[in-house]
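Please read them alongside the sequence and coordinates.

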Amino acid sequence: MRCCSSAALIRYSKHQFRDVMGSAGTEVGSCLRTLSTSRDSAEIMHALRTLTRNLEDGEFTRPHYTHAIQVLLSAHWFSRWCEDEEIKKLWDEMFLKGPPDQTLLLLLDTISSTGESAGLVRCASVLEKFLSAGRLQVLLWSRCEVGGACSDSPQLRETVIGHLAALPSITCNHLHANTPDAFLPQQYYPLLAASILDTLQKTCHALRAGQDCSLGFVAQVLGKVCIQGYSSQIFETLAPRLSSLTCVDPLWQRVTQRLLEKVPERCTECVITGLMRSLSGAAAVSRLMGNLVVTNKKAQFVLTHKLLLQQYQHPTPLLKSVLGYLALNLERRTLLKQVLRSVCQVWCNSSAVKHTSVEQQLYVSKVLLLCVALLHHSEIQELRHEMLQCMLGGVQCRLDSNIERIRRMGMVVGECLSQKLDTPGSQLKFQYEPDEEIRELKSLMESPSVEDDEQHQPDTSTSLQAESKAEGSAGQSAESEAGRGSDSELDSDDDLTPYDMSADQEKKKSAPPHYVRDCLEALMSSDDAERVELSLQVAEALLRKNVKATQEVSVQFSKVLLHLEDRYNTPHFHMLRQNAMVALTVTDVKPVVDYWTTEFYSLNFNLRQRLDILEVLALSAQELSEPITNKHTGAQPISAVTPQEQCDDITHWRQIVEKRIQSKTRRISKGGTQSVKAVPNRYAPVAGFFFFPLLRSYDRPQVTFDLLGSDHLVLGRLLHTLGLLMHLAINAPVVSQMGRALLDFVWTVRFHTDQMVRRGVMFAVCSVFLSMPAENLLTELGDDLMETRAWLADVAENDCDADCRSLAVQSLMLLDKNLKTQLKIPDMET
Amino acid sequence: MSRAPPDPLFILRGSGSAVNSLSFCCGGDGPPFLYSGSGKGAIHLWNLTTRRAERVLESHAGSSVIWLQSFKDSRSRLISQGRDMRLCVWDLSEDRSAVTDSLLTASVGFCQCSLLETRPGAALLAHPTEHMEEVRVVEMRSWTPVCTLKPDLKLGMLMCMKMWQADSGPVLCAGYEDGSLVLWDVSHRRPYSCLKAHPEPVMCLDVDVCKQKGISGSSEKILQSWTLDKQQNLQMHDSVQMTNPGVSQLCIRADGKILATAGWDNNIRVFGWKKLKPLAVLQHHTDMVNSVAFSDHQDPPQRLLAAGSKDQRISVWSIYSES
């Protein structure tokens, strides 16, 4: 479109030119003829001189200038005479002294219409000079003066703006790698910003002088640049300067506010976002924007809704300045209250908790806390009802979530709100481990300063430094004093250095049990905290050491451990109990696994116990699937024990020969003789015992346990565990059946609303694709293949949970890999 | 990183029952000896050079030996106290092992006697009597009673005591069941002063005569040290906390540098004597340590620490002996 309009524009100028040619411009006409045809340097020089003399004359410039420079650019003689200083000077003058808009348009059009040639290079260099000579300022300022260039047609105006904003793209499209640095966005936009600043400066002067100015053109340029995505480059230069200038001069404030008002509506969002990103501090925002948010509907929408509730990529300082800006002025405070109301609504919406990503929820929580922190006590009383509703609803639906981060977020925000709403006695209080995120959220509640950061930063930082220095020195002196004190003590005391006394522990009263049955007894019936602790500590080792004894009581022991509660606050209780449970499972696989899998679906267990069962199954399967790396078995001379099965002649004969060779061989090096010995996978034969019973009765809800209903936490873990069990069974014969069963199971719950469950589903799918042999996988999937792909692609694109998305991408890749290997084999065969 | 605590120099096994009491005999000619009294009435004479029991004396009719002490002036004599309420004096010269003298104390308690050799050939002995709270001091040679010391206040059973020679005459410090310490002027048969050092019974005490400072242990976690001023008044001085409660015996090394305790928690603890700075926890025994003793080697680097435990073993350590 730009091309089209500029072509029309040029045609328009040519037309005018022809009109004038007949009457007044005969002199100019002859000059131009000379320039386009002559080969004589003196003639050319003369013609150029005549033209440059006319540059100041409006009669010439308006109708003839474009044609004149067009002729100059297309003239063939320049390459021959370019050595001539005089001609070069006059030539440059023609471009740099004429009307800047026409020059810019023509140069850019020439660049975009000519192919690679000397002319193109010439154009580029002229344009470079044009930029460095500050012609942009002239151009911008010419549009600011009232009556200066108002006679422009809207198309021309639009074209000039478009060319100004897109200069880097236009030039780069045609110059490719030869683009001069000055045209690159990193250099051009700061230059443009500087020109805008200069223009604004001139506007200020003009206004002081009582002259009217129009900022519409500059605002349009600014808007255009921002909408093209270069807001950060342009505001990097613009925002800090404006911030400091508006600080000292109220006129600047007015000018800037006017400029922002004049930005076209469709560009408002980009301009405001870019400005907010580059400004620091609410006060600066307030100076630059004035009451724009009240007067301009679009700006209001962007600032109070879009930035806060629809987007979530902005950094916290931006939020602080947006909300601080709203809080600074009485008119805007009503908006702040509005914001709080809408944020409250969003925050307590349980569907939003389920369907938006954690990052966005964190963002909204930040907005909420910042809002609340900015409100005065009286305003909070006014909004008390809304806030209370928000707090109760929001905290509740967050505590229901399966994702710890969301739960914690709910707790922190709940605490913070309750701190503002309630009397000190009746405030909410939760227990959680504070991490970085929580500290950040809490810090938002500390009374935010709406003061200008820029101005106060230096003071505070210096004072802080001084303080910290003082503190440091004080600390040092205190330390050194203490050091001296201890030194003096040392002087007076013995020169005897103490030994390490870390082994000096509180003595236990009772001895740890030595037998499996004693241990079981103690765990079952003891009211003695110490005895229980000791038993728990030795349980794992005892169980692993005494295999026979363990097998006798394995199921009973499992029952006791499963029902064992941490009554005495034993240190590392969960780890010890879990280790013991794993030891049991590994030592006596079938009965114990049977027990676990039946108990998983039975009555009267709490969620924790069911989750424990799943964890134990997964850990045991993992241990079983790993080769035994016990040092004892490694060091045992296996050849010394001749297995009964190997008594047939061949092996016997081989062994004898082997022995003879061994005895006759002298080994120079002892290293490297140990080779990795293949051991049977202990998990493969029993994988089915672990896996299938867990799939047996998931759809039979019980009074206390409804897997497909409210107990989705367990469902998520179950899927995850099944995935693990599946993956650990890789290369086992049973893996195909397992994969089929797991895919069937997963298919029923794939659209679960809970993120944890969906994560589990994705994990299970991944592990199926990873573990199942490719040919079996494809036959299993069969007709569902395309549907599975579509589902995975949809999850990969649209799921609100980042983990789900990445897992979906992973499984898609695995599926494709399987497909590829599978499809290649027939190709090779044929 | 502080260095790891040392291992025992050697272990003496074979006492056959709990080791209750230890006494070194390293002075004079001949190999150094360690005497130990066991819970079944056997007194072992350990040769520290060969590390073997050279002789075993069957004594006290099989009753537990609760205390024994060798005499400084003659290597061949030994005094032992048993649960059969008797004190025996042994003659060990020329491979003899004969009881030359004995005294019926009639005490049924566990309080150990205290021996004070006033001059060569003469010694005073403080021993508990049939009255639980009473101390009797006798002249060794003739068993002539010198005095009987009995507190006026009700302090409970006599638990432990130590007698030494002060400028004004023999002084005896006794610990009682209610945690009090009483300092007795033996010549005038009256108490100098009394100090309630512990809330629990005083289990053991030792006094550094040079520094006029002593220390006592109890069944709790605290060791309490106290000083004696010019008027022989007992005053609280310092205390140190241990990890586990209960001390059976305390011993200050003759050079006044370190202090060793026999703990009920199977550990031997070593402290600096000046500031009670904890220096080491020696872990070897698997049962209560009943007794500790420092050897009386003349040569400092040879000085040893021995500990006897209920687990029937005696561990011998060389610790802080280089300086």
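1. In this predicted model, B:Gln249 lies in strand E22 of chain B, which spans residues 247-252. With a relative accessibility of 17%, B:Gln249 counts as buried, because the cut-off for that class is under 20%.

2. The side chain of B:Gln249 is in polar contact with the side chain of B:Ser291, at a distance of 2.9 Å. Leaving aside residues up to four places away in sequence, B:Gln249 touches several others, including B:Gln112, B:Cys204, B:Thr261 and B:Asn290 as well as B:Ser291 itself.

3. For chain B as a whole, the assignment gives 28 strands and 0 helices. Of its 323 residues, 58% are buried, and the accessible surface comes to about 13200 Å², with carbon and sulfur atoms contributing 50% of that area. Among contacts in chain B with a separation of 6 or more, 42% are between residues 24 or more positions apart.

4. One part of chain B that deserves a look is an open sheet of 4 strands, arranged in the order E6-E7-E8-E9 with antiparallel pairing. Strands E6 (65-70) and E9 (98-104) stand at its edges, and each has a single partner strand, so one side of each is left without a neighbour in the sheet. On average, and ignoring direction, neighbouring strands of this sheet are turned by 20° against each other.

5. Within that sheet, strand E7 (residues 77-82) and strand E8 (residues 86-91) of chain B run antiparallel and are joined by 5 bridges. As one example of the pairing, B:Leu78 has B:Trp90 in E8 as its bridge partner.

Notes. Residues numbered from 1 in each chain as written. Chains lettered and ligands numbered in written order. Predicted model: local features only at pLDDT ≥ 70, side-chain atom pairs only at ≥ 80, totals over all residues. Heavy atoms only, no water. Pairing = 2+ DSSP bridges. Helix = DSSP H or I, 4+ residues; strand = E, 2+ residues; numbered from the N terminus. Axes fitted to C-alpha atoms, helices over the stretch in contact; angles between N-to-C directions. Buried < 20%, exposed > 50% of the residue type's maximum accessible area, 1.4 Å probe, protein only. Contact = heavy atoms within 4.5 Å. Areas by Shrake-Rupley, 256 points an atom, 1.4 Å probe, with all protein chains shown as cover. Polar contact = N/O pair within 3.5 Å; in protein donor to acceptor, adjacent residues only side chain to side chain.
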